[in-house]
Amino acid sequence: MDLENSYEVSRTVDFIRIRNYTKVVLQFPDELLKDSASVCKVLRRELGKSVRVYVMADTAYNSCCVDEIGASHVGAECVVHYGHACMSPTSNLPALFVFGKALLDVSACAEGLRAFLSTTEKTILVLYGLEYAHAIQDLQEALTEVTVSPNGNSNVQYAEVACLFIDPPENNNSKHEISDHGDDSKGLQYHFCKREDFSCKYHLGGLNWSIPADRKMEDYDICWIGNDNSAFANIVLTFNNSEIVRYDADENKMVKDVSHLKRVLKRRYFLVEKAKDANIVGILVGTLGVAGYLHIIQQLKELIEGAGKKSYTLVMGRPGSHKLANFPECEVFVYVSCAQTALLDSKDFLAPVITPFEAMLAFTKGRQWTGEYLLDFQDLISSTQPAVVTKQGNELEEEEEARFSFIKGGYVEDTATSQAENEEVDDSTSALVKATEKAMTLKSQDTDAVLYKGSAKSGSEYFSARSYQGLNPDYENPLPQSYVIGRKGRASGYKDEIEKPESDPAV
């Protein structure tokens, strides 16, 4: 394998030299880690001793995101990200992306597109994994004869790579052209859909495309070139009203059955209904580098508080069933991460795990799901949804109405938690003591009602009703007991044991 071509060594060297970086971190996913030493050696030879190059693996969260936390340990000025990328905006460090060049049989792919083109009258929108971006130009040339109809209208539209590198918000004043594409970080739009006078521009998974303002995405059929991975799932769930096919580059065939991904929407809607009945919500921090994660966490806290529920923020790296089992008081978790890792399969978990968008549906009063689905929390930060009740804002004046719970099979009332009812909102020590004393009075109540019927409003109430309270700090006898001499000998026969007489053998 030609490392310099596959890992785009020349483009990487030009990027580092133009910006005068002296400390660069190379981030590899697990499947490409075997080539990290060779790539690092080539870059050091080209850059010289003035630039220090580090290799980073085993990221704290997801390999598709830029690991700014790991890079900051060596004081890196830039991260070069290799392999599959979600293209989420960074917070502090600039990042250069090298997607790789996966093999694609252009002739077979063109033949599959021709066959699909003959079965539909709609325009086909070609989306693809970023590792196949290098072959799209050849694919366009192979389809030139069939992509233009006699009236001159194009029947096939191709998405473009949004950018090849990303600058954090404070560094967006600089602009550098580093490749033939002419892409720069300013071309990366963080909003899923941006409407203009004559067109609608879409950005999803590192790809950009635009459609006329008078048309919708339902007017297009989508062809995905790539594997059945998280990026493809993001496409299917986001455009769930469009017909979608996938070209499998490994088996060189067109796959039209994507029903297994569309069934995921039913499961997600069930989790939304289950989250509505939760009283205690855990916010899982699944990233420390994606720009805006602190804003969405704060927005979720205010949303949950306005819905009359208690929230706890948890930072634990990659979540797992064994980790989340340490927080049994949480009846649902909201996972804040990049768009391509937001869908966490929680079938083996004690409590469901939902996305920030699903949390907006569950905890915003009066909001109904219209079929729209978003996985990128960047579009939720500036979302103009109904206002929520916070301790700083004004309370809603409308009367609380009972809602029907599809999980419990009856009407329930969601009462907002005011400051007088929830002393734990106050961070002072006295408020915490008062909340604990109030929780301890629940010991005489029915334990099952707290543990299984969801009547606990906070973690202290939940733990006060448990049968096991942990080590008792108020031990009646603080003096330790005197030591006792243990047994001597072997386990087969200790010296203090009385030898039993042998019984007579059976006749």
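**Close-up views of a predicted model**

**View 1. The end of helix H10 and the residue after it.** Gly308 follows helix H10 and has a positive phi, near 80°. Helices here are DSSP runs of H or I with at least four residues, strands are DSSP runs of E with at least two, and both are numbered from the N terminus. The model is predicted, so local features need pLDDT of at least 70 and side-chain atom pairs count only at pLDDT 80 or more, while totals for chains, interfaces and linings use all residues. Residues are numbered from 1 along each chain as its sequence is written, and side-chain values use heavy atoms, with hydrogens and water left out.

**View 2. Helix H10 along its length.** The expected span of a helix is 1.5 Å times one less than its number of residues. For the 14 residues of H10 this gives 20 Å, and the end C-alpha atoms are 20 Å apart, which agrees. Which residues of H10 are buried? They are Tyr293, Ile296, Ile297, Leu300, Leu303, Ile304 and Gly306. Buried means under 20% relative accessible area, with exposed over 50% and partly exposed in between (1.4 Å probe, protein chains only). These buried residues pack against E15, E16, E17, H12 and helix H13 (378-381), where contact means heavy atoms within 4.5 Å.

**View 3. The four-stranded sheet.** This open sheet has 4 strands in the order E16-E15-E17-E18, with parallel pairing. Two strands pair if DSSP finds at least two bridges between them. Strand E16 (310-314) and strand E18 (353-354) are the edge strands, each pairing on one side only. Helix H10 (residues 293-306) packs on the sheet and touches strand E15 (280-285), E16 and E17; the direction of H10 makes about 180° with that of E15. Angles run from 0 to 180 degrees between N-to-C directions, and axes are lines fitted to C-alpha atoms, for helices over the stretch in contact.

**View 4. Strands E17 and E18 with helix H12.** Strand E17 (residues 332-336) pairs with E18 in the parallel sense over 2 bridges. Val334 has Ile354 as its bridge partner in E18. Helix H12 (residues 356-363) lies across E15, E17 and E18, at about 135° to E17.

**View 5. The five-stranded sheet.** An open sheet of 5 strands runs in the order E6-E5-E12-E13-E14, and its pairing is mixed. At its edges are strand E6 (156-158) and strand E14 (253-255), which each pair on one side only. On average, neighbouring strands of this sheet are turned by 25° against each other, direction ignored. Strand E5 (residues 123-128) and strand E12 (residues 220-225) run parallel and are joined by 6 bridges. Tyr128 has Ile225 as its bridge partner in E12.
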